[in-house]
Amino acid sequence: MNKAIKTPLYDKHVSLGGKMVEFAGFFMPVQYSGIIDEHLTVRENAGIFDLSHMGEVYVSGKGAPAALDKLVTNNVDKLKLGKALYTPICTPEGGIVDDILVYRDADEKYMLVVNATNVQKDYAWIKGHLPKGLKVEDKSLETALIAVQGPQSETVVSEALSEDLGELRYYEFRFSVLDGIPVRLSRTGYTGEDGFEVYVDGERAGEVWDVLFELTTAIGGVPVGLGARDTLRLEMKYCLYGNDIDEHTTPLEAGIGWTVKLDKGDFIGKGALVEQKGEGLKRRLSGFVMVDPGIPRHGYTIINVDEKNIGRVTSGSYSPSLRANIGLGYLDLPHDQVGTEIFVTVRDKPRLARVVETPFLKLIGGK
Amino acid sequence: MYPEDLSYSETHEWAKVEGGVATVGLTDHAQSELGDIVYLELPELGAEVKAGAEFGVVESVKAASDLYAPLSGKVVEVNDAATREPALVNRDCYGDGWLVKIQLKDSSEVENLKTAAEYKEFIGE
């Protein structure tokens, strides 16, 4: 057994009273003041997160744009400098290897942000599927990531950088300096709120955290753990790798078909996805709200009124913003239609739920 | 955090026995480990419960956990305020956040439970 890794901010979390858990091989704070309080504070004000467990893989060299475009489903060779893009990486069968962010740093240089659980798998996959001439570097362990999310995040981050951020739009990034420390500042996030992600060398992460933490808490913001990160993303129906998506689900089934550009050149998984689209989907990742009491949890089965198995829950929780129990699950068509009554098997008892439109929470999501 | 006049189970319930009736709740350790409690499923009035057997469910935002009866007997009162507002268990687990009252079948069962000092040692505090 490998021992879990401490992020450069581990001591900060402990001294703030964070409840530390092991996640994807890292010691991470699952909560500080409480999931509900942290969640609502992000929705109303601002919260600061340590996401240093995420992986950063750099790809550079001659022909990188075209080569990467063959690796992922979205359009990365057309991606403009200073912009980020969300995209799945697929298997030849159309299953999802990972869902990642791609930053274009230069004409032939990209940074890929991958899920913590997948760093080693992705690195091997990327290296194995790109031409030998390209440089692939895993800088995950030396890179820290701090996010500030919430409607007041712009106030916090612009003050920290002494920069006007009005021109930095959603999914854009720039290289900047915070208190003399070089950072990558990106207007991205996983909460549905306006927000920023700050990438910094692990050795300087403590200093950057201190500045952002002080400014965040000065306006009433709080540190936020993985617990609230999960409820925040769930309300937006943002997929969580390993729960909602994996190598046995496709982007089309998961409802992220907008990230699959079937009209671009060849890419891994294209054939399978074209075929799936042509044949029509058999199941779809759908959102539902519990009518009966009980919280849907990952793995619970879903049945219809005739007690026929029609799917399974991939994510579920109490929703602090909606004060309701919500869930995601793959539902066999046509049970995915909004308004359909389904039953989630909670502790062997069928509990009524209703399929709803997603995202559960209607937010504009950034600027 | 662990009142001396209560008895504790290894499954993190507490019991306070008065005149053959035990008031039962969740310990501070349990509520703190669970985090924000958002759902409680408690036995119905009149239900027979058995020491060590499941008698309900508590769910926090992040996890579901079974509740076990610390003592055997018949449920004579259920805290509806707590089922309506489960956060009461987080706020006041030994007071307003109690769960049920059990008319005991055998008061001597309480001797199988832990004292406050023993429970503290059990959870490593």
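1. How many Å separate the centres of domain 1 of chain A and domain 3 of chain A, taken over C-alpha atoms? The separation is 30 Å. The domain bounds come from an automatic or database domain assignment; that assignment gives domain 1 (5–51 + 142–235), domain 2 (55–138) and domain 3 (257–356) in chain A.

2. A note on the basis of these points. This is a predicted model, in which local features need pLDDT of at least 70 and side-chain atom pairs count only at pLDDT 80 or more, while totals for chains, interfaces and linings use all residues. Residues are numbered from 1 along each chain as its sequence is written, and chains are lettered from A and ligands numbered from 1 in the order in which they are written.

3. Chain A contains 8 helices and 20 strands (DSSP runs numbered from the N terminus, H or I of at least four residues for helices and E of at least two for strands). Its radius of gyration, 20 Å, is close to the 21 Å of the globule rule for 367 residues, so chain A is as compact as a globular protein of that length. The radius is taken over C-alpha atoms, and the rule is 2.2 Å times the number of residues to the power 0.38. Along the principal axes, the C-alpha atoms of chain A fill a box of roughly 65 × 50 × 45 Å.

4. Of the 367 residues in chain A, 48% are buried. A residue is buried if 20 or more other C-beta atoms lie within 10 Å of its own, exposed if 12 or fewer, and partly exposed in between, with C-beta atoms placed from the backbone.

5. Helix α2 (residues 35–44) of chain A is mostly covered, with 7 of its 10 residues buried. Among them are Ile35(A), Ile36(A), Glu38(A) and Arg43(A). The buried residues of α2(A) pack against several elements of chain A, including β3 (26–31), β10 (143–149) and α7 (226–235).

6. Where domain 1 of chain A meets domain 3 of chain A, 8 residues of domain 1 are in contact with 7 residues of domain 3 (contact: C-beta atoms, placed from the backbone, within 7 Å). On the domain 1 side, α2 and α7 of chain A each supply at least two residues.

7. In chain B, Thr23(B) lies in strand β3 (residues 21–26). Thr23(B) counts as partly exposed because it has 18 C-beta neighbours inside 10 Å. Not counting residues up to four places away in sequence, Thr23(B) touches Lys16(B), Trp98(B) and Lys101(B).

Methods. Two residues are in contact if their C-beta atoms, placed from the backbone, lie within 7 Å.
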